[in-house]
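Hi,

Here is the structure I promised to pass on. Have a look at it first, and my notes on what I found follow below.

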Amino acid sequence: MPDLPAWRGLVLFDIDGTLLRAGDRDHQAAFVAAMQQVYGVPATLDGVPLAGMLDSQIARLALARHGLTAEAIAARLPAMMALMGERYAAAVARGSRRDHVLPGVRRLAARLRAEGFALGVLTGNAEAVARAKLAAAGLADLFPVGAYGDAAWERGHLVAAAQAAAREHYGADVDGARPILVGDTPHDIAAARVAGARVLAVATGRYGVDELAAHGPDAVLPDLGDVAAALDALRAMAGPARYDRERVTPAACRRVLDLGETDR
Ligand SMILES: [Mg+2]
């Protein structure tokens with residue numbers, strides 16, 4: 001029987017500014033329309049910081065300006081997030097936004113999976129929006145699990161949720177090593193620190209390499225286009241390949257090696 005590939009760990013990618021170009025007007029339009037319909041106030045996102053923020057945090061900031069209490073916001077937040085997801089999904093078609101994928105993303109994801117990394121997303125996007133966004137970009141199969149911005153009030157709290165989702169999906173213990181986050185803002189770096197994760201910062205969003213480096217990520221790159229450099233950084237964070245026959249089942253290895261439409 002050939003040696004089974006070792007689990008190298010879990011890599012969790014941010015979406016906006018990391019996998020996809022930042023600044024999604026359809027997301028913002030769905031956000032505003034859903035707030036209006038569910039809360040009955042003309043809340044906007046004008047002046048609300050968006051980069052690296054959770055949709056739950058953005059909603060709280062936008063709605064508090066209209067006098068809503070934290071309790072009133074929280075009570076209707078699930079309904080608002082669901083409606084935003086419906087509106088967003090209606091605005092984008094599956095596969096229609098392949099050109100929004102940032103350079104190197106598909107090749108890097110395929111290489112990571114071939115090396116036995118389990119992949120997921122850790123994003124501020126509400127789950128319904130994130131799933132529609134990944135499907136529109138043709139990335140849904142590569143990032144089947146994750147933790148989303150309607151599941152917590154703080155980004156750092158999403159790491160444990162993403163680990164639990166990965167454990168469930170990949171059918172094995174993927175968090176023997178510390179998880180690795182990949183993100184484009186200081187919020188991604190802070191979330192990793194809070195959760196005891198490692199983090200690769202990429203300057204493909206609104207922050208430059210020097211700004212990100214000042215927050216002390218484990219590594220920082222201008223983008224993921226240099227796939228070899230990104231792989232080197234992630235391998236170094238993951239440490240040596242592990243193989244534990246008790247924890248890594250053949251079925252789980254087949255799942256992680258099921259590449260799908262990736263290598264281009
Ligand atoms: Mg981002």
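Let me begin with a helix on the sheet: H6 (residues 158–170) lies across strand S1 (9–13), S2 and S3, and runs at about 135° to S2. The angle is taken between N-to-C directions on a scale from 0 to 180 degrees, with axes as lines fitted to C-alpha atoms, for helices over the stretch in contact. Helices (H or I, at least four residues) and strands (E, at least two) are DSSP runs, numbered from the N terminus.

Two bits of housekeeping. This is a predicted model, so to speak of local features I need pLDDT of at least 70, and side-chain atom pairs count only at pLDDT 80 or more, while totals for chains, interfaces and linings use all residues. Residues are numbered from 1 along each chain as its sequence is written.

On confidence: pLDDT is the predictor's confidence in each residue, from 0 to 100. The chain has a mean pLDDT of 88, with 86% of its residues at 70 or more. Two stretches stay under 50: residues 1–6 and residues 244–250. For residues 1–6 the model has 12 contacts beyond four places in sequence, a contact being two residues whose C-beta atoms, placed from the backbone, lie within 7 Å. Where pLDDT is low, the predicted coordinates should not be read in detail.

Now the overall picture. There are 10 helices and six strands in the chain. Taking contacts between residues at least 6 apart in sequence, 68% join residues at least 24 apart.

The six strands form an open sheet, ordered S3-S2-S1-S4-S5-S6, with parallel pairing. S3 and S6 are at the edges with a single partner strand each, so one side of each has no neighbour in the sheet. Two strands pair here if DSSP finds at least two bridges between them.

What covers S1? Both of its faces are covered, with Gly9, Val11 and Phe13 buried on one side and Leu10 and Leu12 buried on the other. Five of the five residues of S1 are buried, so the strand is largely enclosed by the rest of the structure. S1 pairs with S2 in the parallel sense over five bridges, and three bridges join S1 to S4, again parallel. Phe13 is a handy landmark: it stands opposite Val121 in S2 and opposite Val182 in S4.

S5 (residues 198–202) is mostly covered too, with five of its five residues buried. Arg198, Leu200 and Val202 point one way from S5, and Val199 and Ala201 the other way. S4 (residues 180–183) pairs with S5 in the parallel sense over four bridges; Ile180 has Arg198 as its bridge partner, and Val182 has Leu200. On the other flank, three bridges link S5 and S6 (residues 219–221), also parallel, and Leu200 stands opposite Ala219 there. S4, helix H7 (residues 186–195) and S5 make a right-handed β-α-β unit: with the strands pointing away from the viewer, the path from the first strand over the helix to the second runs clockwise.

Nine of the 11 residues of H5 (residues 127–137) are buried, so H5 is largely enclosed by the rest of the structure. The buried residues of H5 pack against H1 (25–39), H3 (70–91), S2 (117–122) and S3 (146–147). Just after H5, Gly138 takes a positive phi of about 75°.

In H4 (residues 105–114), the buried residues are Val105, Arg106, Leu108, Ala109, Leu112 and Arg113. Down the axis of H4 they fall within an arc of 165°, so they line one face of the helix; the arc is that of the directions from the helix axis to the C-beta atoms. Gly116 follows H4, with a positive phi near 90°.

Last, Leu20, which sits in the loop between S1 and H1. Leu20 counts as buried because it has 23 C-beta neighbours inside 10 Å. Leaving out residues up to four places away in sequence, Leu20 touches Ile15, His100, Val101, Leu102, Lys133 and Ala137. The C-alpha atoms of Leu20 and Asp99 are separated by 8.8 Å, with the two residues 79 apart along the chain.

Cheers

Notes:
A residue is buried if 20 or more other C-beta atoms lie within 10 Å of its own, exposed if 12 or fewer, and partly exposed in between; C-beta atoms are placed from the backbone.
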